[in-house]
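Hi,

Here is the model I promised to pass on.

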Amino acid sequence: MLSYWMDFNDPLRTFDTLRRRMDQALREYADTEGRGQVLAFPRAGLRDTKDAFVLAAEVPGLADSELQLSATQDSLTISGERKAAAPKGYAVHRRERGDLRFSRSFALPARIDVDKVTAELKNGLLIVTMPKHPESQPKQITVKAA
């Protein structure tokens, strides 16, 4: 095992190998888009339909009672908390899913009608539909010949 990490002919090569492995581990932990940020939770996608914005966020293992949503005219915030508790009478021998607390805000490109926002949770996917404010929707203008 020592010879795997240690090159007696070139001791600096050992540190170079260690540095490359650390860099690789940090790259795998960082965002895949190269921004160098830790991945945000929940992962989400925001799309623009003609009349509304639709946000799809992955929240596996969370119930609707563990999620809170708040919306303003130009942003949406999703927050939640999951407690990892073992059922009564059982001992925990391994815990890979611990407690989770998160909050994530999304800036919207246009104003929304806050009173008509709806949210649905199905199979770990949260779908939030945010209708655009009537003033934010594009208006059709007819061109008249002179």
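**What I found**

Strand 3 and strand 4 (residues 75-82) are an antiparallel pair held by five bridges. Two strands count as paired if DSSP finds at least two bridges between them. Within this pair, Ala71 sits opposite Leu76 of strand 4.

Before I go on, this is a predicted model: local features need pLDDT of at least 70, side-chain atom pairs count only at pLDDT 80 or more, and totals for chains, interfaces and linings use all residues. Residues are numbered from 1 along each chain as its sequence is written, and side-chain values use heavy atoms, with hydrogens and water left out.

**The chain as a whole**

The chain has two helices and seven strands, and from the N terminus the order is α-α-β-β-β-β-β-β-β. Of its 146 residues, 19% are buried. Buried stands for under 20% relative accessible area, exposed for over 50%, and partly exposed for what lies in between (1.4 Å probe, protein chains only). The chain exposes about 11600 Å², with carbon and sulfur atoms supplying 53% of that; accessible areas come from the Shrake-Rupley method with a 1.4 Å probe, and for residues only the protein chains shown count as cover. Taking contacts between residues at least 6 apart in sequence, 49% join residues at least 24 apart, where contact means heavy atoms within 4.5 Å.

A hairpin of three residues links strand 1 to strand 2, and the two pair antiparallel over five bridges, strand 2 covering residues 52-58. Ala44 is opposite Ala57 of strand 2, while Gly45 has Ala56 as its bridge partner there. Strand 2 is also joined to strand 7 by seven bridges, with the two running antiparallel; Leu55 faces Val128 of strand 7 in that pairing.

Strand 7 (residues 125-131) also holds Thr129, which counts as partly exposed at 27% relative accessibility. Leaving out residues up to four places away in sequence, Thr129 touches Ala52, Phe53, Val54, Lys116, Val117 and Thr118. Thr129 and Asp51 are 78 residues apart in sequence, and their C-alpha atoms are 10.0 Å apart in space.

**Loops and surface**

Two loop residues are on my list. Asn123 lies between strand 6 and strand 7. Its phi is near 55°, a positive value in a residue other than glycine, and Asn123 counts as exposed at 77% relative accessibility.

Is Asp113 buried or exposed? Asp113 counts as buried, at 16% relative accessibility, although it lies in the loop between strand 5 (100-107) and strand 6 (118-122). Neighbours within four places in sequence aside, Asp113 is in contact with Pro131, Lys132 and His133.

Lastly, Leu12, Phe15, Leu18 and Met22 make a nonpolar surface patch of about 460 Å². Patches take residues with over 30% relative accessible area and no salt bridge, joining like charges within 9 Å and nonpolar side chains (Val, Leu, Ile, Met, Phe, Trp, Tyr) within 5 Å. A salt bridge, in turn, is a side-chain nitrogen of Lys or Arg within 4 Å of a carboxyl oxygen of Asp or Glu. Leu12 belongs to helix 2 (residues 11-29) and is exposed, with a relative accessible area of 64%.

Cheers

Terms used: Helices (H or I, at least four residues) and strands (E, at least two) are DSSP runs, numbered from the N terminus.
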